Amino acid sequence: MTLKTPEKSTRRYGKAEGTDYQSPEVWSKVTGKAVYGIDHAMPGMLHGKILRSPYPHARIKKVDTTAAEALPGVRAVLTGTELESKPFGIAVEDELPLAVDKVRYIGDEVAAVAAVDLQTAERAIKAIKVEYEELPAVYDPAEALQEGAPQLHDNFPGNVAWERELERGSSSAAFAGADVVVEESFTIPAIHPAYLEPISCIAVDDPYTGITLHTALQSPDAVRKIVAGALNYPLSKVHVNGPVMGGGFGGRVYGNLKVYILSAMLAIKSGRPVKIQLTREEEFTAGRPMIAAAIKMKMAVKSDGTILGREADIITDNGAYSGQAPWVSKTLSERNDSVYRIPGIKTRVRLAYTNKIPTGQYRAYGNQVANFATESLIDMAAKKLGLDPLEMRLKNCVREGDITVHGLQVGKCGLSECLQAAAREIGWDHKKAGHGYGLSVAIHANGSLVFDKNFRGASALARLELDGRITLFTGEQDYGQGTHGAFAQIAAKALDVRPAQITVESKETKTAPFSTGALAMRQTTVGGKAIQLAAEDLREKIFKAAAELTGEPVTMKNSVLNTMSGRTLELGEIAYHYHNNTSGLNLTGEGKFVPEESDYDESGYGNISVAYSFAAHAVELELDKTTGAITVNRLVAAHDSGRIVNHLTARGQVYGGVAQGIGMSCFEGCLFDEGRMANATLADYKIPTALDLPEIDPLFIEIEDPVGPYGSKGLGEIVMVPVIGAVANAAADAAGVRITDLPLTAEKIYQAMAGWECEQ
Amino acid sequence: MNNLKKQVLIFQLNGEPVEIFADPAESLLTVLREKLGLYGTKAGCGKGECGACTVLLDDRAVNSCLVPAGKVQGRKVETIENLSQGGKVHMIQEEFVEKGAVQCGFCSPGMVMSAYALLKENPQPNPEQVKVAISGNLCRCSGYKQIEEAILSAAERLKN
């Protein structure tokens, strides 16, 4: 098998520099040889299963495990009362490994068993007798916040998990001086990342090494910390060793903490490796979709289209436990404000507990949720003022050198170029009659410095192997986005070697540098910069060692070192020389990218990221007026993600992210009936198939950014953000009425066109 | 466990005869993965909704999770493991890599098998026929574009 360099991609914008290199692991995936979590097993392994609550809200009166424990083949049974666990959590500590006094959603974890096979574990689960006393439940977040609503957590009175009121600039002055005010309420359902491989974990408890979790995670180090805390283990005794990951999209940043903690607890109790694997139904009913939101937003605008201010009252639906929902709510409630020059904003956001599935996050962290509201309002204002939506966006969009209303310092910024390119490519000036057209824009941070004030950057090691190859050690994860291929390209450029000479190691927390992981669109910019620095450091060390060996200065080209006198040296020779002189060490470059401290204040005002990526999307669609169904024909996705490292995988990110945006706009969403998820299968929770997608045209506006490696910035999350607003605006353009409740189904559009009053 | 239900099943698997003792109601997917150790065929839902478990049964693409093992008696089954041997990979797999069609890769074996079945039946599909052929295979990463390009490119190579 030869590794081929794929042919150069054809593209209309951007430079042809940079290759389409792919990490060789694609070969093991495409041949079926890659070992994913679901494929993985260990000698002596037991199978774990979780007993879940059938009630949305109930008091646990009694749990009787006698019959389950008596079943042949059962090796461990756990209940909440026997565990002496303190609450754990990501943003808020409100979860226990197993419910103790009450259950708060249908799917809440009540007991766990480990048995010699899955069938026995399932039988044991059924043999556990639980007496419940049902309690009144609340499903609607606005109702949950009202006085007298059933209370979920004693220490969170009023069902408020998190809230924030924020005013920057003068919003009241903005509205007093406005020529036009547009106002609307928007609703967005919970969206499931729907990665194709269900989450699984094999936990091994070893007296020497401690706990090892064999599970694929976007942020192994973040999960390791929480699991160590929940188990009361020292951090150095909890490890993650990741198999290949079948999709993440933010859903595997923290994954399903209960699965990791319970498999570890069962492994400790049974003394055997324990595997818990979620079924697809459990993924939906006890997984962690992105929070649903109700956004009431208004915008003050001058008659020439200048935005003066915007106010928002937002309620987000936490479900029974918090996960990352407070952080997602924060990004959702503010990131959109920084894509335009808005002098004043006022925001109230409340995250409410309800008796439903706990929530997590999804690609773009809520930025795409608010994009629906903000971008709809821009078009509403343009319509009211008789302005072209393109002109209105160009008039207000942020530019290089701006400081946004939240204090973000806009560096290199190709947003207006993205807008113009997307509009030109979709045919904004010569629209087809009867078709709907829509635009939308986005800004997204490249890693947030407020995520962990003390840990803002990334580090990496580049080690010269004895055979002259190079191994990069990083904590940044690749699950198909192309991160590791891009890292090999970055290091190859710094060292002047071929990417195929480089191997990237990231999956074992025992050896990988600590990392924040694959979240917040930080890996290329922040992690990639550390790779560049490590490779540059290694290059200097190679030069030094080579000069010592030869006694003369050296240069390097195409992996070969040349001395002044014409002698050539292979990298392997230098590696051995250093190895022998140090009795066994390898030449190793260290890369530490430590962003400067940002001057954000307690309210979060300040420059929260090292760089920002920008995007503008344009949509063209057709509407069947007899049914209300829309068919999105084409989406042009123009992106400023700096210099693109790899066009092949970058295009893949755009196609895939836009596809997820189309799903969210047109048909996705968790449906609930009295707290029970009503569409908990991939047949009912519809994600796009090959037949559901438009023609997608990625355009890269390659403006070099000074921060990231070789001028590059992040792309993976922002690709999804503008889709929602662009589709909504195009649908409103075609229908003449605006749908404010996602997804934009034929039924809703038909009813709105017919002027029916309908409940949302 | 309940051996009373089990039967001897004989079928052709990747060009070789196999004989197993299994409950005929068990899914072919379970038999392939757990009895025969062929983990290349992936399990994403167990209900015929995602297509990750696609294999060929008498040259037609099927969701192996929906095929009871008893139904393969005397028939021909082909899995992803049959498409690469030693250092050689199938042209469809080469094109998947060339076009960037593999991201997380979890859908890739099933997707490749659907493409393989399509090209067996229709060596020169048009883009719409490619979309239809893979419409039972969900992919959450790729937006399908580069997968479609890979299959069309493989068809182009078949011509030559």
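Here are my entries, in the order I looked things up.

**Ground rules.** I'm working with a predicted model, where local features need pLDDT of at least 70, side-chain atom pairs count only at pLDDT 80 or more, and totals for chains, interfaces and linings use all residues. Residues are numbered from 1 along each chain as its sequence is written, while chains are lettered from A and ligands numbered from 1 in the order in which they are written.

**The sheet in chain A.** I looked for strands first (DSSP runs of E, at least two residues, numbered from the N terminus; helices are runs of H or I, at least four). In chain A, five of them make an open sheet with mixed pairing, and the order reads E7-E15-E14-E13-E8. I count two strands as paired if DSSP finds at least two bridges between them. Strand E7 (160-168) and strand E8 (180-188) of chain A sit at the edges, each pairing on one side only. From one strand to the next, the twist averages 5 degrees. Angles here run from 0 to 180 degrees between N-to-C directions, with axes fitted as lines to C-alpha atoms, for helices over the stretch in contact.

**One pair in detail.** I zoomed in on E13 (residues 292-301) and E14 (residues 307-319) of chain A, which run antiparallel and are joined by ten bridges. Across from A:Lys298 I found A:Glu311 in E14(A).

**A helix on the sheet.** Which helix packs on this sheet? It's H10 (residues 367-385) of chain A, which touches E8 and E13 of chain A and points at about 150 degrees to the direction of E8(A). Contact means that the C-beta atoms of two residues, placed from the backbone, lie within 7 Å.

**Chain A meets chain B.** Their contact takes 47 residues from chain A and 45 residues from chain B. On chain B's side, helices H2 (91-98), H3 (108-121), H4 (127-133) and H5 (145-159) each supply at least two residues. H2(B) gives the most, with four residues.

**Inside chain B.** I noted two domains, domain 1 (3-82) and domain 2 (91-159), with bounds from an automatic or database domain assignment. Their C-alpha centres lie 22 Å apart. How many residues of each are in contact? I get 15 residues from domain 1 of chain B and 13 residues from domain 2 of chain B. Strands E3 (54-57) and E4 (60-63) of chain B each supply at least two residues of domain 1's side, and E3(B) gives the most, with three residues.
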